Amino acid sequence: MVPYNYTEFISNLTSHVKANHIPMSRIDDAVKRILRVMFQMGLFEHLVADTSLTHQLGSQVCTTPNDYIHYTMIL
C-alpha cells in the first residue's frame with residue numbers, strides 16, 4: 001500500500017496497465033477481493049453516514065491530501 005505518495009502510485013499503475021505490463025484482469029481480481037472482504041465485514045449492510053462530523057465540513061481540519069488520508073479508513 002502506498003499511503004503517502006498515492007498519486008504517483010496511481011499514475012504508475014495506470015501507465016503499466018495501458019502498456020499491457022499489468023493485465024486488466026489482475027486489477028479486476030484485486031477489486032473483487034477487496035469488495036468481497038468489505039461485504040463480509042458488513043460494510044454494505046448499514047449505509048448510514050455519521051452526521052456527527054458535519055460541522056467540520058469545509059473547515060481547515062484537512063489542509064493537504066495526506067490529512068484526508070489520515071482521517072479516512074482505506075481498505
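## Overall architecture

The secondary structure of the protein consists of 3 helices and 0 strands, in the order α-α-α from the N terminus; helices (H or I, at least four residues) and strands (E, at least two) are DSSP runs, numbered from the N terminus. This is a predicted model, in which local features need pLDDT of at least 70, side-chain atom pairs count only at pLDDT 80 or more, and totals for chains, interfaces and linings use all residues. Residues are numbered from 1 along each chain as its sequence is written, and side-chain values use heavy atoms, with hydrogens and water left out.

## Confidence

The mean pLDDT of the protein (the predictor's confidence in each residue, from 0 to 100) is 79, and 69% of the residues reach 70 or more. Confidence is highest in H2, at a mean of 91, and lowest in H3, at 67. Where pLDDT is low, the predicted coordinates should not be read in detail.

## Helices H1 and H2

Helix H1 covers residues 6–18 and has 13 residues; the distance from its first C-alpha to its last is 18 Å, close to the 18 Å expected at 1.5 Å a residue. The expected span is 1.5 Å times one less than the number of residues in the helix. For H2, the end C-alpha atoms are 24 Å apart, which agrees with the 24 Å that its 17 residues should span at 1.5 Å a residue.

Asn-20 follows H1 and is found in the loop between H1 and H2. Although Asn-20 is not a glycine, its phi is positive, at about 65°. Asn-20 counts as exposed because its relative accessibility is 67%; buried means under 20% relative accessible area, exposed over 50%, and partly exposed in between (1.4 Å probe, protein chains only). Just after H2, Gly-42 also has a positive phi, of about 85°.

The whole structure contains 1 salt bridge, defined as a side-chain nitrogen of Lys or Arg within 4 Å of a carboxyl oxygen of Asp or Glu. Asp-29 pairs with Arg-33, and their closest N and O atoms are 3.1 Å apart. The two residues are separated by about one helical turn, because they are 4 residues apart in helix H2. Asp-29 is partly exposed, with a relative accessible area of 40%, and Arg-33 is likewise partly exposed, at 42%.

## Surface

Of the 75 residues of the protein, 7% count as buried. The protein exposes about 6,700 Å², of which carbon and sulfur atoms supply 61%; accessible areas come from the Shrake-Rupley method with a 1.4 Å probe, and for residues only the protein chains shown count as cover.

Val-31, Leu-35, Val-37, Phe-39, Met-41, Leu-43, Phe-44 and Leu-47 form a nonpolar surface patch with about 770 Å² of accessible area together. Patches are made of residues with over 30% relative accessible area and no salt bridge, like charges being joined within 9 Å and nonpolar side chains (Val, Leu, Ile, Met, Phe, Trp, Tyr) within 5 Å. Leu-47 lies in the loop between helix H2 (24–40) and helix H3 (65–70), and counts as exposed at 68% relative accessibility.
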